[in-house]
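Try each task on your own before you read the solution.

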Amino acid sequence: MFQDTIFALSSGALPSGVAIIRLSGPQVQSGLQTLVGNLPPPRQAVLREIRADDRGLLDRGLVLFFLGPNSFTGEDCAELQIHGGRAVVSAILHYLANLEGFRPAEAGDFTRRAFLNGKMDLSGAEALADLIAAETETQRKLAIQNTSGRQRQLYGSWRTTLLRARAFIEAELDFADEDDVPGSVSQRVWENMRALAATLRSHIAGYAAAEIIREGFRVVLIGAPNAGKSSLLNALARREVAIVTDIPGTTRDLVEVSLDVRGLKVIVTDTAGIRETDDVVEKLGVERAHGAARAADLVIHLMPADAADIDRVNPLNEDNNRIVVTSKCDVGRVARGTLAVSAVTGEGLEELLDVISSRAAASLALAESTIPTRLRHKSHLSDCLSCIDVAVSRDDLPLELRAEELRQAADHLGRITGTTDVEDLLGVIFSEFCIGK
Ligand SMILES: Nc1nc2c(ncn2[C@@H]2O[C@H](COP(=O)(O)OP(=O)(O)OP(=O)(O)O)[C@@H](O)[C@H]2O)c(=O)[nH]1
Ligand SMILES: [Mg+2]
């Protein structure tokens, strides 16, 4: 299918113990023969000398040959597991670049070929990119499930349901007697479609969970000037991210850190202390603090233990996404019913992380097992849903048109997995990959 053979360093930064150069395409067999002598048996690691005609021995390493279509890309593939020295790798890459029909791979080239050769669907390819990008345990779990085709199966089954419904309606149109009242028999079809629409609606709502897993659970620290927000941020981040002074009004901008809290990505934002002020800069800071709090998944309102009114704090003001925490608990009294933390002694920090993690877990618990993982999926799903809604609700339209809406709904699902025409999407999707994958 492809004329050229691609190659790339697929392993990480050099120098490294071992480096892996990967090759895929129609000239892999001839290329391997010039580099390592006769072709190794497929799927068996063999130790070989890697030689260039003009430069002699380049390295010794393990060579793996995969005969297409039984390979990652579906084409002939090979891996050279060589010593990860910069000069070693560069000598071999140079040699390959000069072979007839070989070119360096671009980002996502291998996976693009795997997709185009039917080795995986588009959602599986995206899941692979997510797996490589995964930084937290939750991100890894979400990605690995989808690499095994869970989304493909789910969307495939919905697509089949839609196409069956459409076929049923069209058959009814074709065979309807003059006396038949069109639509009476298809009543059951519309009921099914209503049920599918409801399923889609709750499935789409699950995207919120995917967003939290991918982008992070957003925690915002709020409180009066000098409440200890920046100190708490630094303590959680275990480094000096924000400036701390005893002057009220130190922080003006939003300061963010990304943390891995019990396997989930959490973004903690420090804000300007909230008070009435005539200072133009501080005023803008306070506005930003309010804005950040509105966008937060969880607001942590800090009440310093040395505040005069600490005994009057009412934690009952807490709600689903706002908690009150007593800060600087080493220097005063703890507000009734609140968690106490100290950035100085470290007291309460682990408990605070537990609270954050259980709040985050609660917001994820609503999600079903398979969720739309990308905005792209969500928008195709929403388009699909709108078509079904039109088909179901517009009984003033001719049946042909309502059936056509169902076909379009199926097409929107097909674009998620790449079953229907997706040529325009490929560039965007595969450019997100790293080179060598
Ligand atoms: N004893 C004690 N002092 C603290 C603690 N946390 C912060 N402080 C002190 O309180 C003062 C203010 O701390 P910051 O962290 O700058 O407070 P902030 O809420 O960020 O203040 P603004 O940025 O002005 O709104 C500093 O002098 C800190 O050293 C704590 O847990 N215990
Ligand atoms: Mg501050």
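**Exercise 1: the ligand and its surroundings**

Ligand 1 sits in the largest pocket. Here a pocket is an open set of points on a 1 Å grid over the protein atoms alone, where a 1.4 Å probe fits, with protein on both sides within 12 Å along at least five of seven lines; lining residues have an atom within 4 Å of a point. "Sits in" asks that more than half of the molecule's atoms lie within 2 Å of the grid points.

Ground rules: this is a predicted model, where local features need pLDDT of at least 70 and side-chain atom pairs count only at pLDDT 80 or more, while totals for chains, interfaces and linings use all residues. Residues are numbered from 1 along each chain as written, chains are lettered from A and ligands numbered from 1 in the order written, and side-chain values use heavy atoms, with hydrogens and water left out.

Task: work out which residues come nearest to ligand 1, and how the shell divides by residue type.

Solution. 
- Step 1. Collect residues with a heavy atom within 4 Å. There are 22 around ligand 1, and Lys-229, Ser-230, Ser-231, Gly-249 and Asp-330 come nearest.
- Step 2. Sort the shell: eight nonpolar, ten polar (a class that counts Gly) and four charged.

**Exercise 2: polar contacts**

Task: find which protein atoms lie 2.8 Å from an oxygen atom of ligand 1 and which from a nitrogen atom.

Solution. 
- Step 1. Look for N or O pairs within 3.5 Å, the polar contact cut-off.
- Step 2. For oxygen, a polar side-chain atom of Ser-230 is at 2.8 Å, and a polar backbone atom of Ala-343 is also 2.8 Å from a ligand oxygen.
- Step 3. For nitrogen, take Asp-330, with a polar side-chain atom 2.8 Å away.
- Step 4. Now the cover: on its own ligand 1 has 650 Å² of accessible area (Shrake-Rupley, 1.4 Å probe), and the protein covers 86% of that.

**Exercise 3: the annotated site**

Solution. 
- Step 1. The unreviewed UniProt entry lists Asn-226, Thr-245, Ile-247 and Thr-250; such annotations may be inferred rather than shown by experiment.
- Step 2. They spread over 25 residues of sequence yet cluster in space, with a largest C-alpha distance of 8.2 Å.
- Step 3. The lining of the largest pocket includes Asn-226, Thr-245, Ile-247 and Thr-250.
- Step 4. Phi of Asn-226 is near 70°, a positive value in a non-glycine residue. Most residues other than glycine have a negative phi.

Terms used
A polar contact is a pair of N or O atoms within 3.5 Å; within protein, one must be able to donate a hydrogen and the other to accept it, and residues adjacent in sequence count only if both atoms are side-chain atoms.
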